[in-house]
Amino acid sequence: MEAMTIDSLTSLFDEAQSDVERRVYALLLVLAYPDAMSAYTAMREKYLVNGNNATREGMVQGFAFLETPDVGQVLEAIEAEFKGQDIATLCRRGIDALSERGLIRESLGSFIAKIRALIPDNPQEALSLIEKYCDGNPDADALRALKCRALIATGKTAEAENLLANI
């Protein structure tokens, strides 16, 4: 069996006859790079911008398997670039799963956007996520206003007032 190099995987991808093959080769291509940013930079135009959904899904799945420290940044970049599309939802699932497992730390900006969207529908879950994110995080102060909103939404106004008084 020949070695799976970036060049050989690119050739296999180019010869792929089905979306399943494209998904698999895109996933393997990501894994052929030493880190997520290198893969993203090299593959972005052909596979993300000009690729179909199966190719994009393969890339995101590859990033989730890659698990290098920069994976979170790349998944957040893809999520932002393809906002409102299925691939952004898949990126969000990857970010949440990798964060939950402690493999990545979601950026503060991405986390705040997620919490803002969550508070109206599930303030208790938002509070739980804020507590978990704040544990040992020096950027936790930026989340105090969102925590207050979540506390108020769950009916814990006295706790929210105490938090505001301490700010």
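Visitor: What should I know about the model before I start?

Guide: It's a predicted model, where local features need pLDDT of at least 70, side-chain atom pairs count only at pLDDT 80 or more, and totals for chains, interfaces and linings use all residues. Residues are numbered from 1 along each chain as its sequence is written, and side-chain values use heavy atoms, with hydrogens and water left out.

Visitor: How do I read the packing of α3 and α4, and at what angle do their axes cross?

Guide: Two packed helices are described by the angle between their axes and the distance between the axes. Helices here are DSSP runs (H or I, at least four residues), numbered from the N terminus. Axes are lines fitted to C-alpha atoms, over the stretch in contact for helices, with angles from 0 to 180 degrees between N-to-C directions. For α3 (residues 36-49) and α4, the axes come within 10 Å and cross at roughly 170°. That makes the pair roughly antiparallel (the label for angles over 145 degrees).

Visitor: Which residues of α3 and α4 meet?

Guide: Contact means heavy atoms within 4.5 Å. On the α3 side you'll find Ala36, Ala39, Tyr40, Met43, Tyr47, Leu48 and Val49, facing Thr55, Arg56, Met59, Phe63 and Leu66 of α4. By class, that contact has ten nonpolar residues, one polar and one charged. Nonpolar covers Ala, Val, Leu, Ile, Met, Phe, Trp, Tyr, Cys and Pro; charged covers Asp, Glu, Lys and Arg; the others, Gly among them, are polar.

Visitor: How are pockets found, and how much space lies in the largest pocket?

Guide: Rolling a probe the size of a water molecule over the atoms shows where empty space is left. On a 1 Å grid over the protein atoms alone, a pocket is an open set of points where a 1.4 Å probe fits, with protein on both sides within 12 Å along at least five of seven lines; lining residues have an atom within 4 Å of a point. The volume is the space filled by probe spheres set on the points, which are joined across faces, edges and corners. The largest pocket holds about 330 Å³. Of its 15 lining residues, the closest to the centre are Glu79, Lys83, Arg92, Ala113 and Lys114. α7 gives the most to this lining, with five residues.

Visitor: And what lines the second largest pocket?

Guide: That pocket has a volume of about 250 Å³, and its lining includes Asp96, Glu106, Lys114 and Leu129. Lysine 114, in helix α7, is buried, with a relative accessible area of 17%. Not counting residues up to four places away in sequence, lysine 114 touches Arg92, Asp96, Glu106 and Leu129.

Technical notes. Helix = DSSP H or I, 4+ residues; strand = E, 2+ residues; numbered from the N terminus. Parallel < 35°, antiparallel > 145°, perpendicular 65-115°, else oblique. Buried < 20%, exposed > 50% of the residue type's maximum accessible area, 1.4 Å probe, protein only.
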